[in-house]
Amino acid sequence: MMIEKTLLRVIAKVIIPPIILFSLYVQFHGDFGPGGGFQAGVILATAFILYGLIFGVSIAREAIPAGATRIILSLGVLLYAGTGVVSMFLGGEFLDYSVLAKTQLGGQHLGIFLVELGVGMTVAGAMITIFYTFAGHVNGASCSIERRVNPNGHAPNFIERRRNVDG
Amino acid sequence: MTASAFWLVRLRNLFAVVMLFGVFSLFAAALYLVMDAVDVAFTEAAVGAGISTVLMLGTLALTHDTEKVHKKPSPISLILVLITGGVLVYGTFDMPRYGDKNAPIHQHVANRYIEKSGQEVGPPNIVTSILASYRGYDTLGETAVVFTAAIGVLAIIGRVKGQGMPTSMHARRRNEEDEPEEAAPDAQDAQISTDQETKS
């Protein structure tokens, strides 16, 4: 059991940075290859969810707090709709990016960039929020997700205890 | 893919069902890939095989592992399913063949996207320029749907117990005003979010 857990932890530590890097690639290279904000957001969320599954949700919450994911979630939609509103103020129609920069192509490029970023933020925020909500519930009851993956669960308990002592 | 679908129906252990669902999604992603729909395959692999598996496991942890076995299946439901399936299969006979260049979908706006999107929008990936620029409203709607789903989950089960904003707000409100009104707004919230979830 112990060996399996060590394996899981080591492998997770090795693959989480490439996952995040890949999500950034998918996010910002979506104009040229397959991908875009939605896929990038999901992949980014997967990195944090993997972290939460293996190291415990409470530690994942320290890496990225639940409040932060909610703010990211809302900011994404705001960024998307805000891009549309800005293009309205600059004299175009809602979500007409051509007016955002001097040339039409430049404006479109900037607009797509911002919009895809908004989608990515919303999707990542939403997925992590949903995961935290489910896992928080389970944690409160008797943490079967964590038990399933991480039967001993020393670290999360320790952290939780410390947090309780701190106040 | 078909085999895994049949297996899914037969299984009673929901843990295995969730895993098999991931396998099914992966097959679907491979199928999209074969049909050159790379973006869709990408999404299917990430969402269907990745995230939704984790979320369904989370749901399982909140409920039970094994499906309740119902009484014997009634013949009426079997007949209904057969009829519906038959009608659906009959409907596919009207669809154009895969890759048919006279199909309606290739006659409408697709040509313009393919010919003009380079000059009008720019990115070499036409899928991106369609999603983000030509169909910007739709994508805004999709983003709002994802947002609403997260808000719905938070509203339904996020506030019962644990850390975070909704609960603390809840607790604070309970402390401040002693509470004949409290039950009513909560029920309303839950109602609204259930509706939203159904829509999304």
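In this predicted model, helix 6 (residues 110-120) of chain B packs against helix 7 (residues 126-134) of chain B at an angle of about 70°, and their axes are 10 Å apart. Angles of 65 to 115 degrees count as roughly perpendicular, and the two helices are therefore roughly perpendicular to each other. Helix 6 of chain B contributes B:Tyr113, B:Ile114, B:Lys116, B:Ser117 and B:Glu120 to the contact, and helix 7 of chain B contributes B:Ile126, B:Ser129, B:Ile130 and B:Tyr134. By class, this contact of helix 6 with helix 7 of chain B has 5 nonpolar, 2 polar and 2 charged residues.

A second pair within chain B is formed by helix 1 (residues 2-10) and helix 2 (residues 14-34), whose axes come within 10 Å and cross at roughly 160°. That angle makes helix 1 of chain B roughly antiparallel to helix 2 of chain B. The crossing of these two helices is left-handed. On the side of helix 1 of chain B, the contact is made by B:Ser4, B:Ala5, B:Trp7 and B:Leu8; on the side of helix 2 of chain B, it is made by B:Val17, B:Leu20, B:Phe21, B:Phe24 and B:Phe27. The residues in this contact of helix 1 with helix 2 of chain B are 8 nonpolar and 1 polar, with no charged residues.

Turning to the two chains, 47 residues of chain B are in contact with 48 residues of chain A. The area buried between chain B and chain A is about 4,200 Å², and carbon and sulfur atoms give 74% of that area. Within chain B, the most area is lost to chain A by B:Phe42, B:Ile51 and B:Leu140, together 13% of what that side buries. Between chain B and chain A there are 0 salt bridges.

One helix pair spans the chains: the axes of helix 2 (residues 37-55) of chain A and helix 3 (residues 38-62) of chain B come within 10 Å and cross at roughly 25°. This makes helix 2 of chain A roughly parallel to helix 3 of chain B. The two pass each other in a left-handed crossing. Residues making the contact include A:Phe38, A:Val42, A:Ile49 and A:Leu53 of helix 2 of chain A, and B:Asp39, B:Phe42, B:Ile51 and B:Val54 of helix 3 of chain B. By class, the contact of helix 2 of chain A with helix 3 of chain B has 11 nonpolar, 3 polar and 1 charged residues.

The crossing angles are listed below.

| Helix pair | Angle |
|---|---|
| Helix 6 of chain B and helix 7 of chain B | about 70° |
| Helix 1 of chain B and helix 2 of chain B | roughly 160° |
| Helix 2 of chain A and helix 3 of chain B | roughly 25° |

Notes
Residues are numbered from 1 along each chain as its sequence is written. Chains are lettered from A and ligands numbered from 1 in the order in which they are written. This is a predicted model: local features need pLDDT of at least 70, side-chain atom pairs count only at pLDDT 80 or more; totals for chains, interfaces and linings use all residues. Side-chain values use heavy atoms; hydrogens and water are left out. Axes are lines fitted to C-alpha atoms, for helices over the stretch in contact, and angles run from 0 to 180 degrees between N-to-C directions. Helices (H or I, at least four residues) and strands (E, at least two) are DSSP runs, numbered from the N terminus. Angles under 35 degrees count as roughly parallel, over 145 as roughly antiparallel, 65 to 115 as roughly perpendicular and the rest as oblique. A crossing is left-handed if the near helix is turned anticlockwise from the far one by less than a right angle, and right-handed if clockwise. Contact means heavy atoms within 4.5 Å. Ala, Val, Leu, Ile, Met, Phe, Trp, Tyr, Cys and Pro count as nonpolar, Asp, Glu, Lys and Arg as charged, and the others, Gly among them, as polar. Buried area is the accessible area (1.4 Å probe) that two parts lose on being put together, summed over both. A salt bridge is a side-chain nitrogen of Lys or Arg within 4 Å of a carboxyl oxygen of Asp or Glu.
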